[in-house]
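Here is a friendly briefing on the fold you are about to see. Have a look at the structure, then read on for the overall picture, the cores, the helices and a few local details.

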Amino acid sequence: MTRMPRPTPPSPAAPHAIVPPWLLDRIAAADPQYPTAAEAARRSLLRDGPMREWRNAAEPPPFAERETDARTPSILAESVRPDRRISDAGGEESLPGRLVRREGEPPTGDTAADQAYDGLGETHRLFARVFDRDAIDGAGGALEATVHFGDHYDNAFWDGERMVFGDGDGEVFRGFTESLSVVGHELAHGVTERTARLRYSGQSGALNEHISDVFGALVEQYAMGQDAAAATWLIGEGVFTSAVQGRALRDMLNPGTAYDDDVLGRDPQPAHFRDYIETTDDNGGVHLNSGIPNRAFALAARELGGFAWEHAGRIWYDALTSGRLRPTDGFHVFAAETVRAAEQRYGADSREARAVDAAWREVGIEPPEPRA
């Protein structure tokens, strides 16, 4: 296992934020090259520091009721519509901001607001049509987002109730509504809060991030009609400016290759369990070690071919909502549960079950027998 050098001084982490704190640390130290971005990163790190206790304790906010039987499908019709509400923080850090667009209203002409509205709609469409889930809570609850949060805020996050998007600094980061995978990723944190409640620390936290990457990728693939072979498997494609030598924040298929920049450094995600990073930063490396299960999912999806949401996505969703996961479960338990879910859905000796098992073994995780 690899130990990650600790930055000096250590930086606080924003739970459920798309940009990890160690990347913001690098930008904060880049005054000569990116003065605006460096100042924006420092402000973003300060803003991201305060954590809500319920996140670290794997508890949902008080308004979020845990599902009692998440396996019971709602049998949604194609006509089910989301209830979207987009607000504008106007560069301030107060939430929710001014409501600027509700469900069914015409575009505002504000790019970020309209991109957020469309992104929430695409996310709802995937979960409703593929997984029979109506919104984050499974009961048609409102999908809320706030845009133009903060002054050059370099992040996007799920705060337990809404998506919050910064506009970026313009030197390193563009606006975070630019990437559909970012929208899907953050909303998926809400689904995890209401189902498995994976603790946001260490391996369970990396699984939390991994699951959001999975559904972020699937939202983008579903919207674009991409099969597993044609998909980029990138998370956060489009959030970097042209000044950065990088394609995205993460590459699910090839972790550790998303960016390689003179200022930002090289993408540090491991792709195999033997390179698992032990660190006290980033809530125990939740954005780092998520690369290991990310690659397993992408390998399984590509082995099965066709549209990933039709097989691997269903298997992962079944495992997430089975009620069998515990908040502190790690990679091996989750691997066993996905194999179990594949066997239950497709058969014990099915192509799907074999592909999932082989994918986990390829990244150094041998799925144990699932617990009773």
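Contact here means heavy atoms within 4.5 Å. With that in hand, among contacts in the protein chain between residues at least 6 apart in sequence, 66% join residues at least 24 apart. This is a predicted model, in which local features need pLDDT of at least 70, side-chain atom pairs count only at pLDDT 80 or more, and totals for chains, interfaces and linings use all residues. Residues are numbered from 1 along each chain as its sequence is written, and side-chain values use heavy atoms, with hydrogens and water left out.

**Overall picture**

- The protein chain holds 11 helices and 11 strands; these are DSSP runs numbered from the N terminus, with helices being H or I of at least four residues and strands E of at least two.
- Of its 372 residues, 59% count as buried (buried is under 20% relative accessible area, exposed over 50%, partly exposed in between, with a 1.4 Å probe and protein chains only).
- The accessible surface of the chain is about 14400 Å², and 46% of that belongs to carbon and sulfur atoms (Shrake-Rupley method, 1.4 Å probe; for residues, only the protein chains shown count as cover).

**Nonpolar cores**

- A nonpolar core is a set of buried Ala, Val, Leu, Ile, Met, Phe, Trp, Tyr and Cys residues joined through side-chain atoms within 4.5 Å.
- The largest one has 96 residues, and Leu23, Phe173, Phe215 and Trp233 have the most contacts inside it.
- Beyond its neighbours within four places in sequence, Phe173 is in contact with residues including Val19, Leu23, Leu24, Ile27, Val239, Phe240 and Leu249.
- A second, separate core has six residues, among them Ala17, Ala89, Phe157 and Val164.

**Enclosed helices**

- Helix α1 (residues 21–28) has seven of its eight residues buried, so it is largely enclosed by the rest of the structure; Leu23, Leu24 and Ile27 are among the buried ones.
- In α9, eight of the nine residues are buried, so this helix too is largely enclosed by the rest of the structure.
- The cover over the buried residues of α9 includes α4, α5 (180–194), α6 (202–224), α8, α10 (331–346) and α11 (351–362).

**How α8 meets α9**

- Helix α8 (residues 291–304) and helix α9 (residues 312–320) pack at about 140°, with their axes 9 Å apart; axes are lines fitted to C-alpha atoms, for helices over the stretch in contact, and angles run from 0 to 180 degrees between N-to-C directions.
- The two helices are therefore oblique to each other (under 35 degrees is roughly parallel, over 145 roughly antiparallel, 65 to 115 roughly perpendicular, and the rest oblique).
- Phe297, Ala301 and Leu304 in α8 meet Ala312, Gly313 and Trp316 in α9.

**Local details**

- Which bond joins Leu95 and Pro96? A cis peptide bond, with omega about 10°, and Pro96 is found in the loop between β2 and β3.
- Ser87, in strand β2 (residues 84–88), is buried at a relative accessible area of 4%, and its contacts include Pro96.
- Gly104 is in the loop between β3 (98–102) and α4 (111–131) and is exposed, at 53%.
- Ala135 has a phi near 75°, a positive value in a residue other than glycine, and is buried at 7%.
- Asp282 in helix α7 (residues 282–289) also has a positive phi, about 55°, and is buried at 3%.
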